[in-house]
Amino acid sequence: MLLNTSNHIPSMKNTSEDIFLWQQIKKGDITAFEKLYDIYADVLLTFASQYTNETSIAKDAIHDVFLDIYKYRTGLAQNVNVKSYLFKITQRNVLKKHKASKKIFSITSDYDSVILKELSFEDTLIEEESNTALNSKLAFAMQELTEKQRKALFYRFNEDKPYEEIASILDISIESCRTLIYRCLKELRKKL
């Protein structure tokens with residue numbers, strides 16, 4: 001098995017083409033969507049192969065990424081590092097699908113006996129739908145934040161930048177940066 005759970009995601013910057021295609025996709029442009037898929041599908045497949053040796057799982061995960069992008073295009077954030085987003089979501093989907101492809105058992109014990117209970121397909125599907133709904137709520141809640149708040153969260157969680165660097169970029173003190181991010185997260189938790 002090639003399962004690698006380290007967060008080895010290439011650090012990449014948006015190109016002007018990525019930004020343009022993302023904006024067009026948000027408007028419902030199917031040609032832009034197809035172009036983004038053509039640009040990244042093979043690269044993402046190579047990347048996904050780090051996490052599973054089952055090509056079908058990798059391909060399904062990538063297709064789901066793009067289907068979700070188009071399905072939820074109106075709720076997508078405007079300022080996104082497209083490459084980083086695609087790689088992170090692909091990684092998450094591959095790991096999720098890889099895990100779901102294995103039989104999932106829960107063990108309950110009442111002193112003398114151990115009972116193995118296979119979780120049903122419906123349980124797995126319900127969990128996936130709950131995650132999708134939560135992601136959709138999160139996207140809408142993010143839109144309600146100010147641009148500065150979204151940037152702070154983006155730099156902290158998408159770019160993995162330290163508070164000191166974020167404070168410098170946003171031209172605020174380190175304490176203000178920590179407070180800003182803390183309040184953003186608190187606000188998002190309330191809305192979810």
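The model is predicted, so local features need pLDDT of at least 70 and side-chain atom pairs count only at pLDDT 80 or more, while totals for chains, interfaces and linings use all residues. Residues are numbered from 1 along each chain as its sequence is written, and side-chain values use heavy atoms, with hydrogens and water left out. A search of the whole structure finds four salt bridges, and the count of disulfides is zero.

**Helix α6 and helix α8**

- Helix α6 spans residues 147–158 and helix α8 spans residues 174–191; helices (H or I, at least four residues) are DSSP runs, numbered from the N terminus.
- The axes of α6 and α8 come within 10 Å and cross at roughly 100°. Axes are lines fitted to C-alpha atoms, for helices over the stretch in contact, and angles run from 0 to 180 degrees between N-to-C directions.
- The two helices α6 and α8 are therefore roughly perpendicular to each other, a term that covers angles of 65 to 115 degrees.
- On the α6 side, Lys148, Gln149, Ala152, Leu153, Arg156 and Phe157 meet Leu180, Ile181, Cys184, Leu185 and Leu188 of α8; contact means heavy atoms within 4.5 Å.
- By class, the contact of α6 with α8 has eight nonpolar, one polar and two charged residues. Ala, Val, Leu, Ile, Met, Phe, Trp, Tyr, Cys and Pro count as nonpolar, Asp, Glu, Lys and Arg as charged, and the others, Gly among them, as polar.

**Salt bridges**

- A salt bridge is a side-chain nitrogen of Lys or Arg within 4 Å of a carboxyl oxygen of Asp or Glu.
- Glutamate 17 and lysine 35 meet through their side chains in a salt bridge, at 3.5 Å from N to O. This pair links distant parts of the chain, with glutamate 17 in helix α1 and lysine 35 in helix α2 (residues 30–48), 18 residues apart.
- Glutamate 17 has a relative accessible area of 34% and is partly exposed, and lysine 35 is partly exposed at 40%. Buried means under 20% relative accessible area, exposed over 50%, and partly exposed in between (1.4 Å probe, protein chains only).
- Lysine 161 pairs with glutamate 165 in a salt bridge whose closest N and O atoms are 3.1 Å apart. Lysine 161 counts as buried at 14% relative accessibility, whereas glutamate 165 is partly exposed at 35%.
- Lysine 190 and glutamate 187 form a salt bridge at 3.6 Å, N to O. Both residues lie in helix α8, three residues apart, about one turn of the helix.
- Lysine 190 counts as exposed, with 63% relative accessibility, and glutamate 187 as partly exposed, with 29%.

**Cysteines**

- A disulfide is a pair of cysteine sulfur atoms within 2.5 Å, and the count comes to zero.
- The cysteine sulfur closest to that of cysteine 177 belongs to cysteine 184 and is 9.5 Å away, too far for a bond. Cysteine 184 is likewise in no disulfide.
- Cysteine 177 is buried, with a relative accessible area of 0%; cysteine 184 is also buried, at 0%.

**Glutamine 24**

- Glutamine 24 lies in helix α1, which runs over residues 16–26.
- The relative accessible area of glutamine 24 is 16%, so this residue is buried.
- Leaving aside neighbours within four places in sequence, glutamine 24 is in contact with Asp29 and Ala32.

Conventions
Parallel < 35°, antiparallel > 145°, perpendicular 65-115°, else oblique.
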